[in-house]
Amino acid sequence: MSIKHHLTDALIMAYSAGSLPEAFSLVVATHISLCDECRARLESYDAVGGALLEETGVADVSDASLDAVLARIAGTPDEPRQPVARMKDAVFPAPLRDYVGGDLDDVKWKRVGGGVRQAVLKTASGARVRLLSIPGGTAMPDHGHRGTEMTMVLKGAFRDEEGRFGRGDVEVANEDMEHTPVAEEGEDCICLAATDAPLRFNALIPRIAQPFLGI
Ligand code: ZN
Ligand code: ZN
């Protein structure tokens, strides 16, 4: 897999510090489970954070006992969860699978129009995270953002003004960005998307007006 679009430093730092809302943490953890590059960046932030804690004396852990803890973690066998064959074919990386309690087939989708389906995942308030399924060749409505939107592709691909996003790629959009993601032809695009404010659909007014305008 070749991931081209990665997490921002700000997101990795906030994740390392434990200050991201749960919805964003899930997307970060899901990306990191597929991306060696961002995992390495996270480890370096974790190391810096750990060093800061040691300096301020908050964490009173000697090197020897820290090593023992790390060795214990490394030596812990993975809990048996699902058969290996199933894991190999899984669309959802482990952090997301744990959240959903299964894989793509276990998602309870709701139709939101235009063939697009979504499933909102339960998280603490402050930000929302949902799974989206967009039919190949279909455009999501053109929209701006009132906050931050983080979208990770799990299956298929989409394109927008920023480029092509395939499995593992993450797009981070903020207030100054407007884009029109279009799912690539051939298969449904399944994404995990977190937002910390409702999207503002530019097309909302024209769409409401359509029946009245006769277009
Ligand atoms: Zn990455
Ligand atoms: Zn967007």
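I started in helix α3, where Asp36 and Arg39 sit three residues apart, so about one helical turn separates them. Their side chains meet in a salt bridge, 2.9 Å from N to O. My rule for a salt bridge is a side-chain nitrogen of Lys or Arg within 4 Å of a carboxyl oxygen of Asp or Glu. Helices (H or I, at least four residues) and strands (E, at least two) are DSSP runs, numbered from the N terminus.

Ground rules before going on. This is a predicted model, in which local features need pLDDT of at least 70 and side-chain atom pairs count only at pLDDT 80 or more, while totals for chains, interfaces and linings use all residues. Residues are numbered from 1 along each chain as its sequence is written, chains are lettered from A and ligands numbered from 1 in the order in which they are written, and side-chain values use heavy atoms, with hydrogens and water left out.

Next I checked exposure, taking buried as under 20% relative accessible area, exposed as over 50% and partly exposed as in between (1.4 Å probe, protein chains only). Asp36 is exposed at 55%, and Arg39 is partly exposed at 29%.

How many salt bridges does the rule give? The count comes to five. One of them joins Arg41 to Asp9, with the closest N and O atoms 2.9 Å apart. That pair links distant parts of the chain, since Arg41 is in α3 (residues 36-56) and Asp9 in α1 (residues 9-17), 32 residues apart. I have Arg41 as partly exposed at 21% and Asp9 as partly exposed at 39%.

Another pairs Glu187 with Lys155, closest N and O atoms 3.0 Å apart. Glu187 lies in the loop between β9 (182-183) and β10 (189-195) and Lys155 in strand β5 (residues 149-155), so the pair ties together parts 32 residues apart in sequence. I also noted a salt-bridge network of Arg159, Arg164 and Glu184.

Then the second largest pocket, at about 290 Å³. A pocket here is an open set of points on a 1 Å grid over the protein atoms alone where a 1.4 Å probe fits, with protein on both sides within 12 Å along at least five of seven lines; lining residues have an atom within 4 Å of a point. Which element gives the largest share of its lining? It is β2, with four residues. The lining includes Tyr99, Asp106, Gln118 and Leu131.

Key. Points joined across faces, edges and corners; volume = space filled by probe spheres on them.
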